[in-house]
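Here is a short report on one protein chain and its ligand.

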Amino acid sequence: MVLHSVLISLPDKKATRHLGKLLPKYLPPGSVILLEGDLGAGKTTLVQGIGEGLGIEEPIVSPTFTLVNEYTEGRLPLYHIDLYRLQPSEIEEIYIENYWEWLEVKPGITAIEWSDRLPYKPSDYLDICLTYNLDRGRIAKLLLVGKLNFSLEDLNSELRILNPEEK
Ligand SMILES: Nc1ncnc2c1ncn2[C@@H]1O[C@H](COP(=O)(O)OP(=O)(O)OP(=O)(O)O)[C@@H](O)[C@H]1O
Ligand SMILES: [Mg+2]
């Protein structure tokens, strides 16, 4: 049976970063990752891991004054969007579909923090919801939506090799 969702325990920030670092191996160019989770849940840390996985050396920080931070030095471009400070009307004014329809933008990986604020979503994406774990660390729920498809089992087992202390 093919898994469409998986829960991954992330005991510390290194584990969050490792998860991000592995993702580019599995995601085809043009993939979109919608990130959800409370303040400080680890969304930016995960995007920093994605940057590392793509070979981007420039430090990745959440876009504050720009809507999109573009990093083009890696294997694929990374587009990092953070909707936290934007009102729904402001989001609609921006042609955000460019970052998943790839009409004027070179296909890469788009990661959107606070994606629950999107007025509309792409048809295919990886949803990652980060929550605080009761004991320590975080839990990530990964969900494949639409036609985006890769083996979540393989990703999960590769992560367990990197974090052998996890059962
Ligand atoms: N699995 C984890 N366990 C414990 N701490 C973590 C974990 N992952 C990330 N952190 C830490 O949580 C803090 C917040 O991380 P980060 O800035 O990535 O969260 P965020 O979801 O982007 O926050 P914001 O909502 O402000 O955008 C950082 O200090 C980071 O190192
Ligand atoms: Mg953030």
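Helices (H or I, at least four residues) and strands (E, at least two) are DSSP runs, numbered from the N terminus. The model is predicted: local features need pLDDT of at least 70, side-chain atom pairs count only at pLDDT 80 or more, and totals for chains, interfaces and linings use all residues. Residues are numbered from 1 along each chain as its sequence is written, while chains are lettered from A and ligands numbered from 1 in the order in which they are written.

**The sheet**

Two strands pair if DSSP finds at least two bridges between them. By that rule, 7 strands form an open sheet in the order β1-β7-β6-β2-β5-β4-β3, with mixed pairing. β1 and β3 stand at the edges with a single partner strand each, so one side of each has no neighbour in the sheet. From one strand to the next, the twist averages 20°. Axes here are lines fitted to C-alpha atoms, for helices over the stretch in contact, and angles run from 0 to 180 degrees between N-to-C directions.

| Strand pair | Sense | Bridges | Residue pair |
|---|---|---|---|
| β2 and β5 | parallel | 5 bridges | L35 and E113 |
| β2 and β6 | parallel | 5 bridges | G37 and L130 |

β2 and β5 run parallel, joined by 5 bridges. α2 packs on the sheet and touches β2, β3, β4, β5 and β6. The direction of α2 makes about 170° with that of β5. α5 also packs on the sheet, touching β1 and β7. The direction of α5 makes about 10° with that of β1. Contact between two residues means that their C-beta atoms, placed from the backbone, lie within 7 Å.

The hairpin of β6 and β7 has 5 residues between the strands. There, G137 takes a positive phi near 70°.

How far apart are the end C-alpha atoms of α2? They are 17 Å apart. Helix α2 covers residues 43-54, and at 1.5 Å a residue its 12 residues should span 16 Å, so the two values agree. The expected span of a helix is 1.5 Å times one less than its number of residues.

A residue is buried if 20 or more other C-beta atoms lie within 10 Å of its own, exposed if 12 or fewer, and partly exposed in between, with C-beta atoms placed from the backbone. α2 is mostly covered, with 10 of its 12 residues buried. Among them are L46, V47, I50 and L54. The buried residues of α2 pack against α1 (13-26) and the strands β2 (31-37), β3 (68-71), β4 (78-82), β5 (109-113) and β6 (125-132). Just after α2, G55 takes a positive phi of about 85°.

The buried residues of α1 include A15, L19, L23 and P24. Their packing partners are β1 (5-10), α2, β5, β7 (138-145) and α5 (152-162).

**The ligand shell**

A residue is near a molecule or strand if its C-beta atom, placed from the backbone, lies within 6 Å of it. Ligand 1 is surrounded by 17 residues, of which the closest are K13, G42, K43, T44 and T45. α1 and α2 each supply at least two residues of this shell. The shell divides into 4 nonpolar, 8 polar and 5 charged residues. Ala, Val, Leu, Ile, Met, Phe, Trp, Tyr, Cys and Pro count as nonpolar, Asp, Glu, Lys and Arg as charged, and the others, Gly among them, as polar.

**H80**

H80 lies in strand β4. It counts as buried because it has 27 C-beta neighbours inside 10 Å. Leaving aside neighbours within four places in sequence, H80 is in contact with V47, I60, P63, V68, N69 and A111. V6 is 74 residues away along the chain, and the C-alpha atoms of H80 and V6 are separated by 23 Å.

**Two tryptophans with positive phi**

W102 is not a glycine, yet has a positive phi of about 55°. W102 sits in the loop between α4 (98-101) and β5. With 14 other C-beta atoms within 10 Å, W102 is partly exposed.

Is W114 buried or exposed? W114 is buried, with 20 other C-beta atoms within 10 Å. W114 lies in the loop between β5 and β6, and its phi is positive, near 55°.
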